2 protein chains.
Amino acid sequence: MKKYDVVVIGGSAAGIPAAITARRHYPEKSIVIIRKEEKVPIPCGIPYVFGTVMSNDKNLIPDSALSSNGIDLIVAEATSLDCAAKTIKLADGETVSYDKLILTTGSTPFVPPIPGADKPGVFSVKKDVVYLDSMLKYLDSVKNVVVVGGGFIGVEFADELRKRGLNVTIVEMLDYCLMLALEEGYCKEAEDKIKSLGVNILTNVKLMEILGNGKVTGVRLSNGVSIDADLVLLSVGVRPNITLAQQADIQTEKNGIVVDSHMRTNDESIFACGDCTAKKSFFTGRDSPLKLASIATMEARVAGANLFRIRREQTGVIGVFSTIIDNQVFGVAGLSEKEAQDFGYDVACGEIEQPNRHPGGMPGMVLLKVKLIFNKSNGELIGGSVRGGDSAGESINTISACIQKKMTADEIAMFQLGTHPAVTASPIAYQLVNAAELAIKAMS
Amino acid sequence: MKKYDVVVIGGSAAGIPAAITARRHYPEKSIVIIRKEEKVPIPCGIPYVFGTVMSNDKNLIPDSALSSNGIDLIVAEATSLDCAAKTIKLADGETVSYDKLILTTGSTPFVPPIPGADKPGVFSVKKDVVYLDSMLKYLDSVKNVVVVGGGFIGVEFADELRKRGLNVTIVEMLDYCLMLALEEGYCKEAEDKIKSLGVNILTNVKLMEILGNGKVTGVRLSNGVSIDADLVLLSVGVRPNITLAQQADIQTEKNGIVVDSHMRTNDESIFACGDCTAKKSFFTGRDSPLKLASIATMEARVAGANLFRIRREQTGVIGVFSTIIDNQVFGVAGLSEKEAQDFGYDVACGEIEQPNRHPGGMPGMVLLKVKLIFNKSNGELIGGSVRGGDSAGESINTISACIQKKMTADEIAMFQLGTHPAVTASPIAYQLVNAAELAIKAMS
């Protein structure tokens with residue numbers, strides 16, 4: 001039997017920072033990651049393997065961060081967990097004991113119960129290099145692709161597959177692609193961009209059946225239309241991997257393993273983080289369906305720090321995303337105007353679009369649009385959206401900082417910012433500040 | 001006599017947002033800007049006229065924001081102010097009365113008392129289009145330029161004049177260029193970049209004399225060396241324009257008009273903001289020498305909102321800058337490690353450099369370096385630096401948000417961030433978070 005002070009099961013966006021954080025806070029402890037995969041793909045990078053990076057081996061989380069932090073690695077599947085004995089059984093027969101355990105068992109793509117979903121040529125976005133390599137290979141003989149689900153991953157895959165010269169169609173149940181993430185105006189813009197790149201988009205329509213004798217040849221939709229397809233990619237959400245936890249009688253619910261605000265399960269020695277855990281909203285305290293790598297890393301830094309003494313408390317998930325379509329970044333943090341209103345907030349919004357350079361004739365100028373959503377009752381920022389050039393990917397993090405520290409519209413109007421002609425708007429036109437000023441005007 | 005509810009004297013980075021903020025908060029008031037310049041250059045854009053934008057007329061603050069906000073404009077010099085009568089005399093003989101007055105009289109480049117400083121061919125960075133046009137014209141017959149002062153403006157000018165094919169030498173009194181702004185490691189890197197572009201740099205040396213019979217032919221330095229120069233550009237700081245205020249017995253000090261935290265002078269009806277005012281540090285409460293357009297706009301949004309009822313209080317200047325040299329952005333916010341130590345803080349720092357894409361093979365990858373400086377006694381962030389691609393210009397604003405809301409190292413370690421393969425580091429490698437984690441490690 002191998003003995004460790006800290007065992008982390010899983011080695012992706014949650015497992016690695018959990019182990020590294022444990023190392024930083026508890027330098028004297030022995031730490032091991034147990035994971036079943038030989039190689040671990042960078043989860044957010046997976047779509048970009050297919051049209052930009054072109055190889056799964058160029059999209060791996062390097063193991064060097066483990067060895068340089070004195071973290072052992074066991075590549076094996078953990079098949080059972082004994083909470084009383086504090087041991088884990090591995091598929092190869094080995095047993096590993098722990099003092100503290102962190103579960104980061106992740107999630108699995110949801111495969112809807114649709115006729116034909118098991119045909120060769122049907123893929124989902126599994127975080128598994130061998131599987132993704134098989135999809136890359138399958139693409140060699142493909143012309144027509146149907147992507148089911150127009151969320152971030154679906155849209156990013158569609159864009160990348162289009163770059164390979166394929167004929168791509170997105171099938172989306174809702175009114176617009178990206179509708180669960182972006183503000184309505186922003187998802188319309190994003191959808192127009194995707195269409196302009198040559199991707200076909202069918203909205204308000206459901207997948208009913210995957211067609212083909214043997215391998216996939218098409219799909220049948222709820223509006224009666226059938227489309228040719230040599231490959232169908234399902235990207236309709238994920239389900240948490242909670243079997244190991246359930247079998248060990250650790251408390252779980254539909255969205256994952258139940259953890260407290262310190263990322264501890266109902267077993268005092270066992271923490272959990274990442275896609276396998278259930279989450280609460282920063283804003284409402286209610287269940288949140290969000291599953292993001294960035295949330296996983298945040299939770300991991302809480303779990304890793306809290307193992308032997310409670311140091312950190314997380315305050316619920318905000319949800320900060322960004323994506324890029326045709327050189328335009330779309331980012332969102334916190335609640336959309338509609339989500340905020342639906343929850344019952346009285347909101348005031350400000351939105352402005354200005355060049356991201358000053359003067360506007362500086363090279364590389366594109367427009368940056370910013371929308372901010374405030375809770376009228378206390379003036380605090382509860383959501384924001386951006387659409388602009390590359391640097392909008394960092395702008396959304398400035399907005400996230402303001403949300404996390406509950407900055408008010410007046411505080412943002414007095415934001416102390418740095419600007420430069422070649423990389424930002426002018427201080428007079430700075431979007432964040434002016435959006436706050438416009439929201440204040442809307443409040444009065 | 002013309003009568004206005006609100007008069008703003010000056011129409012640049014402070015005057016315009018002061019007037020617009022007044023309009024947003026007091027829609028019923030009549031507002032006028034009185035400025036002496038026909039055209040107002042974008043102050044931070046001035047260096048970029050000389051090698052990139054190539055025309056002062058393409059670097060103007062547009063007057064359209066005034067007309068669209070119902071703000072009148074009088075182009076005339078304000079020659080005197082009568083606080084008792086609440087009137088302003090203009091150079092054209094007109095008198096304008098006010099209920100509330102905002103002084104944004106700005107600053108003037110400091111011209112050191114050196115022999116030859118009045119020769120034709122000696123320029124400073126006056127925010128005056130006619131003057132800047134004369135410098136542009138003078139450059140047509142110039143080969144060798146000496147830039148005196150290696151601060152941001154000096155370095156940016158040197159880089160732009162080099163782009164015109166000129167032979168440029170920076171003369172700097174201190175050990176390195178940019179030493180008053182950037183952390184030592186960062187200003188060394190910046191200086192190396194400027195040198196690699198072909199700009200000559202002489203440090204630890206003072207300008208003693210400007211040579212030439214009639215027009216400039218060279219400079220003599222404190223180390224005895226003389227250098228040929230057809231044009232000398234002085235960029236050795238600015239002095240606040242306070243004559244109008246002084247003559248009206250408004251309280252001033254060396255660094256400018258004295259204002260309270262609401263940007264009000266000792267006269268209840270008169271506010272002041274921008275380069276003409278004295279400033280206090282956010283960190284120390286002591287006098288701050290900072291004069292930045294971004295500070296001017298922040299102060300303007302305080303002054304404009306407070307005119308008829310006190311709505312906003314500013315908490316002292318943080319100082320957030322960025323510049324770009326050879327496609328590398330250098331940014332800084334708050335205190336440097338040395339400034340913090342010199343003031344007496346016990347500091348803990350964390351610094352990390354990682355790709356700004358994930359995986360690193362994504363197009364456009366450059367390294368982003370982030371350094372964070374924390375006050376060990378309470379864990380709060382008091383300074384930060386970045387060096388990276390274009391988006392580092394927004395990264396420094398995320399750091400500024402964290403400073404403004406006094407985020408602790410642990411809070412930053414739990415930062416809820418958005419990441420994307422094409423525009424940021426991975427959530428595991430995200431620089432801001434990891435720099436905080438390393439600082440925490442340094443604290444324990």
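Modeller: Domain bounds here come from an automatic or database domain assignment. The model itself is predicted.

Colleague: Into which domains is chain A divided, and how far apart do the C-alpha centres of domain 2 and domain 3 of chain A lie?

Modeller: Chain A is divided into domain 1 (2-107 + 239-306), domain 2 (111-236) and domain 3 (321-443). The C-alpha centres of domain 2 and domain 3 of chain A are 32 Å apart. Their contact takes 14 residues from domain 2 of chain A and 13 residues from domain 3 of chain A.

Colleague: Which elements give two or more residues to the side of domain 2 of chain A that touches domain 3 of chain A?

Modeller: These are H5 and helix H6 (184-196) of chain A. The greatest contribution to this side is that of H6(A), with six residues. By class, the side of domain 2 of chain A that touches domain 3 of chain A comprises eight nonpolar, no polar and six charged residues.

Colleague: What makes H2(A) roughly parallel to H5(A)?

Modeller: The axes of helix H2 (residues 46-53) and helix H5 (residues 152-163) of chain A come within 8 Å and cross at roughly 15°. Angles under 35 degrees count as roughly parallel, and therefore H2(A) is called roughly parallel to H5(A). The crossing of H2(A) and H5(A) is left-handed.

Colleague: Which residues meet in H2(A) and H5(A)?

Modeller: From H2(A) come A:Pro47, A:Tyr48, A:Phe50, A:Gly51 and A:Thr52, which meet A:Ile153, A:Glu156, A:Phe157, A:Glu160, A:Leu161 and A:Lys163 of H5(A). By class, six residues of the contact of H2(A) with H5(A) are nonpolar, two polar and three charged.

Colleague: Why is H10(A) called roughly parallel to H10(B)?

Modeller: Helix H10 (residues 392-404) of chain A and helix H10 (residues 392-404) of chain B have axes that come within 8 Å and cross at roughly 5°. The limit for roughly parallel is under 35 degrees, so H10(A) is roughly parallel to H10(B). A:Glu394, A:Ser395, A:Asn397, A:Thr398, A:Ala401 and A:Cys402 meet B:Glu394, B:Ser395, B:Asn397, B:Thr398, B:Ala401 and B:Cys402. The contact of H10(A) with H10(B) has four nonpolar, six polar and two charged residues.

Colleague: How many residues does the contact take from chain B and from chain A, and which element gives the most to the side of chain B that touches chain A?

Modeller: The contact takes 65 residues from chain B and 65 residues from chain A. On the side of chain B that touches chain A, the elements that give two or more residues include helix H1 (15-25), helix H8 (293-306) and helix H12 (431-443) of chain B. H10(B) gives the most to that side, with ten residues. The side of chain B that touches chain A has 31 nonpolar, 24 polar and ten charged residues.

Colleague: How do you know that strand S1 (residues 2-9) of chain B pairs with strand S6 (residues 95-103) of chain B?

Modeller: Pairing requires at least two bridges, and seven join S1(B) to S6(B), which run parallel; S1(B) and S6(B) therefore count as paired. B:Val7 stands opposite B:Leu101 in S6(B).

Colleague: What joins S6(B) to strand S5 (residues 87-90) of chain B and to strand S19 (residues 270-272) of chain B?

Modeller: Three bridges join S5(B) to S6(B), which run antiparallel, with B:Thr87 opposite B:Ser97. Their hairpin has four residues between the strands, and B:Gly93 takes a positive phi near 95° there. Three bridges also join S6(B) to S19(B), which run parallel, and B:Ile270 in S19(B) is the bridge partner of B:Leu101.

Notes
Residues numbered from 1 in each chain as written. Chains lettered and ligands numbered in written order. Predicted model: local features only at pLDDT ≥ 70, side-chain atom pairs only at ≥ 80, totals over all residues. Axes fitted to C-alpha atoms, helices over the stretch in contact; angles between N-to-C directions. Parallel < 35°, antiparallel > 145°, perpendicular 65-115°, else oblique. Left-handed = near helix turned anticlockwise from the far one by under 90°. Contact = placed C-beta atoms within 7 Å. Nonpolar A, V, L, I, M, F, W, Y, C, P; charged D, E, K, R; others polar.
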